[in-house]
Amino acid sequence: MGSVYAYVTKSGKKRYRIIYRRPDNKQTQERGFTRRRDAELRLADVETRKAKGDYVNPTDAKATISSLGTTWLEGRKTVMKPSSHRSIDSAWRVHVQPKWGARTVGSIRHSEAQEWVSSMAEKASATTVLRAYGVLAAILDVAVRDRRVARNVARDVILPRKSGKEKVYLAHKMVSRLADESRHRDLVLFLAYTGLRWGEATGLRVKHVDVQRRRVNVQENAVLVGTVIEVGSPKTHETRSVPYPAFLASAVEAAMKGKRANDLLWGDGQHHMRLPNSRDGWFAAAVRRLQEADTQASIEAVARGEEQGDIFPRVTPHDLRHTAASLAISSGANVKAVQRMLGHASAAMTLDVYGDLFDDDLNNVADALDRAWHASRA
C-alpha cells in the first residue's frame, strides 16, 4: 500500500502527495492534491487498478497525439490500400494534427472531442467529419492498449449521420443509349452487365478472361491515387469469377484481339485507362448529350401538345455498378448470386446496399404464402 503525506509549497500553501510502487515495483509519487481526501481517493484508485491489471502510469499519458499519430499512420501503410491510406493521411494533416497534435493523450477530455466533432460538422461533410474523428479515436485506442490512458475519451461522442446518396438504376434501353453515345461503347456495356468497379474492369488482363465459360477472373484493382495509378488486389482482397452475358462475347473477344496474355483487356493493353473526369470527361460528355437531346425532345413534345418525356438521369461510371445489380435482380437473381457478382463481403452487405431492389421478391413471398394458405383450406 502507498502512503499520503502533507507538504508545504514554496508559496506556503499546504498540499498532499501520494507515494506508491508501480506494477514494475519502482517507487513513484503524485503531488499537488489540495485536500487529503482527494489524495486518499487517488491512492485507492491506483491500488485498485494495480490489482485489476489496468494501472496507467501518469508519465506515459504525457505522450503527444502527434508522436503517436505519426507512428500509427506509418503502421497503417502495410495493411491499407494506397487510396484508403491517402484519405486518412489527409484527414490527419488537415483536421487532426493541427487541432490535437501538441496535446498529450492524458489531457484530452470527452467534452473537447464532442465540441470538435460538432464544430466540424457545421462546416464539413459527414464523410469528412467521420474520417477525421476515426483517426483521432484510433490513435487514442492505441494509447489505451499501451496503458497510457485508462479509456478512450473520444468514444461515445455524438457523430453526424451520413445521408445515403440516392442510387441511379438504368433500364436496358437507357444502358444501350448511353453505350451508343459513348466513346468506349463496349466498356460501358461491360460495366453495366458485370457490376465490376472501374478499377477492377480496367485492371483486367487478357489472361483473366475465360472465353469458353464467358467469365473474367477479378484479380487486380487499378485505382488512381493522386496522379498515380496504384495496382493492388480487389477491394475485399479476394479474387472472384464474374460471368458476362453472351451478347458481350464478341466485344470482349474484340478487346483481346492482337494482345498478349499479360496485356490489359481494355484500352491499348499497356496503360490503365483512367477514370474519366466527372465534369468534362468522355463519360460525362455522353450523359450531357443525352440530357440535351431529351430536353429538346420534351420541348418539341410540349409544343405539339403531347406529354413531356423523361430526361436522361445524371450518372457516373460507378452508377453502372448499381445498374448491374438492378438488372440482375430484376432478371431473377437471388441475393447470394448478386453478392458473388459484386464481390461484397456478405449477403447481408448486399441487402444493406440494395435492399430496396428486393421489395418485389418480398411481395412474391407474401403472394406465395397466400396461395399456399388458400390451397391448404380447399
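Colleague: Is R147 buried, exposed or partly exposed?

Modeller: In this predicted model, R147 is partly exposed, with a relative accessible area of 40%. The cut-offs explain the label, because buried means under 20% and exposed means over 50%.

Colleague: Where is R147 placed?

Modeller: R147 belongs to the loop between α5 (126-145) and α6.

Colleague: What is the phi of R147?

Modeller: R147 has a positive phi of about 60 degrees, although it is not a glycine. As background, most residues other than glycine have a negative phi.

Colleague: What about R214, and where is it placed?

Modeller: R214 sits in the loop between β4 and β5. Its phi is near 55 degrees, which is a positive value in a residue other than glycine. R214 is partly exposed, at a relative accessible area of 34%.

Colleague: Over how many bridges do β5 and β8 pair?

Modeller: Strand β5 (residues 215-218) pairs with β8 over 4 bridges, in the antiparallel sense. One example of a bridge partner is S241 in β8, which stands against N217.

Colleague: Which strands form the sheet that contains β2?

Modeller: That open sheet has 3 strands in the order β1-β2-β3, and the pairing is antiparallel. β1 (3-8) and β3 (27-33) stand at the edges with a single partner strand each, so one side of each has no neighbour in the sheet. On average, neighbouring strands of this sheet are turned by 25 degrees against each other, direction ignored.

Colleague: How many bridges join β1 and β2?

Modeller: β1 and strand β2 (residues 14-21) pair over 6 bridges in the antiparallel sense. Within this pair, S3 stands opposite I19 in β2.

Colleague: Which helix lies across β1, β2 and β3?

Modeller: Helix α1 (residues 36-52) does, and it runs at about 15 degrees to β2.

Colleague: Staying with helices, at what angle do α6 and α10 pack?

Modeller: Helix α6 (residues 172-181) and helix α10 (residues 282-303) pack at an angle of about 120 degrees, and their axes are 9 Å apart. The crossing of α6 past α10 is right-handed.

Colleague: Which residues make the contact?

Modeller: From α6 the contact uses R177, L178 and E181, and from α10 it uses F283, A286, V287, R289, L290 and D294. By class, this contact has 5 nonpolar, no polar and 4 charged residues.

Colleague: Which residues is R314 in contact with?

Modeller: Leaving aside its neighbours within four places in sequence, R314 is in contact with V168, V287, Q291 and D319. The C-alpha atoms of R314 and V287 are separated by 6.8 Å, and these residues are 27 residues apart along the chain. R314 itself is found in the loop between α10 and α11, and it is exposed, with a relative accessible area of 71%.

Colleague: How many residues of helix α7 are buried?

Modeller: In helix α7 (residues 185-194), 8 of the 10 residues are buried, so the helix is largely enclosed by the rest of the structure. The buried residues include L187, F190 and Y193. After α7 comes G195, whose phi is positive, near 80 degrees.

Colleague: Last topic, then: where is N221 placed?

Modeller: N221 is in strand β6 (residues 221-225). N221 counts as buried because its relative accessibility is 7%, and the cut-off for buried is under 20%.

Colleague: What lies 3.1 Å from a polar atom of the N221 side chain?

Modeller: The backbone nitrogen of E200 lies at that distance. Neighbours within four places in sequence aside, the contacts of N221 include G199, E200, E230, V231 and K235.

Conventions
Residues numbered from 1 in each chain as written. Predicted model: local features only at pLDDT ≥ 70, side-chain atom pairs only at ≥ 80, totals over all residues. Heavy atoms only, no water. Helix = DSSP H or I, 4+ residues; strand = E, 2+ residues; numbered from the N terminus. Buried < 20%, exposed > 50% of the residue type's maximum accessible area, 1.4 Å probe, protein only. Polar contact = N/O pair within 3.5 Å; in protein donor to acceptor, adjacent residues only side chain to side chain. Contact = heavy atoms within 4.5 Å. Axes fitted to C-alpha atoms, helices over the stretch in contact; angles between N-to-C directions. Left-handed = near helix turned anticlockwise from the far one by under 90°. Nonpolar A, V, L, I, M, F, W, Y, C, P; charged D, E, K, R; others polar. Pairing = 2+ DSSP bridges.
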